[in-house]
Amino acid sequence: MTDKERFVPNSDFVEELSKRPGGEGISKCVQCGICTASCMVANETDKYRPRKLIQKIILGKREEVLTSELPWLCMTCRMCEERCQEGVSIAEIFRAVRELAAEEGHIPDVFSDTVDLIAEDGWMLADSYTDFQEDDRLDLELDPDLGWNCKFSKKVKKRYIDGE
């Protein structure tokens with residue numbers, strides 16, 4: 001076995017992702033870990049390690065990756081991509097993983113709940129609706145009362161601001 005052969009990922013999951021838009025670059029990953037060192041999310045929590053998630057993909061742990069919430073934590077800031085010596089875009093790979101996971105019904109509840117809320121009232125946080133937007137709606141002769149569903153913003157305030 002040559003050195004080149006040793007580092008070529010060969011799982012069926014890698015092949016599957018490589019065929020999807022955004023997943024093409026996974027075969028270039030050499031597992032150096034610069035992505036994790038550059039990641040703002042990884043700097044805040046030990047739970048999220050992009051290199052380890054890529055490693056699981058390379059090892060073919062398809063179900064574990066697709067049912068995990070970890071690919072959904074990528075903020076797509078692309079700092080990893082900026083620093084990767086091999087030109088791997090972790091954000092694009094995780095986007096491909098999220099799309100595949102969503103196709104198979106593996107969307108973390110927090111994300112599907114947020115999408116449902118946005119679909120219901122058009123805003124993720126009712127508090128982001130300001131007087132300016134109300135004025136804009138009035139200028140457009142639209143009803144400024146959107147019938148807010150404040151459940152999500154109250155939940156966020158309670159958990160992260162009030163500390164309850």
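**Exercise 1. Find which residues of helix α5 (residues 50–58) are buried, and work out why they sit on the same side.**

Step 1. Helices here are DSSP runs of H or I with at least four residues, numbered from the N terminus. Buried means under 20% relative accessible area, exposed over 50%, and partly exposed in between (1.4 Å probe, protein chains only).

Step 2. Go along α5 and you'll pick out P50, L53, I54, I57 and I58 as buried. They share one side of α5 because they span an arc of only 145° around the axis, taking the directions from the helix axis to the C-beta atoms.

Step 3. What do they pack against? The partners are α2 (12–18), α3 (34–38), α4 (40–44), α6 (62–66) and α8 (90–103), with contact meaning heavy atoms within 4.5 Å.

A quick note on what you're looking at: this is a predicted model, where local features need pLDDT of at least 70 and side-chain atom pairs count only at pLDDT 80 or more, while totals for chains, interfaces and linings use all residues. Residues are numbered from 1 along each chain as its sequence is written, and side-chain values use heavy atoms, leaving out hydrogens and water.

**Exercise 2. Find the residues that touch the most other members of the largest nonpolar core.**

Step 1. A nonpolar core is a set of buried Ala, Val, Leu, Ile, Met, Phe, Trp, Tyr and Cys residues joined through side-chain atoms within 4.5 Å.

Step 2. This core has 30 residues, and L17, Y48, I54, I57 and F94 touch the most other members. Two or more residues come from each of α2, α4, α5, α6 and α8, and α8 gives the most, with eight.

Step 3. Now zoom in on Y48. Skip its neighbours within four places in sequence, and its contacts are C39, V41, A42, L70, L73, C74 and F94.

**Exercise 3. Describe the two aromatic pairs of the structure.**

Step 1. Rings of Phe, Tyr and Trp (its six-membered ring) pair if their centres lie within 6.5 Å; planes under 30 degrees apart are stacked, over 60 edge-to-face, and the rest tilted.

Step 2. Y48 and F94 have ring centres 6.5 Å apart and planes at 70°, so they're edge-to-face. Y48 is in the loop between α4 and α5, F94 is in helix α8, and they're 46 residues apart.

Step 3. W72 and F111 are tilted, at 5.5 Å centre to centre and 35° between the planes. W72 counts as buried at 15% relative accessibility, whereas F111, at 30%, is partly exposed.
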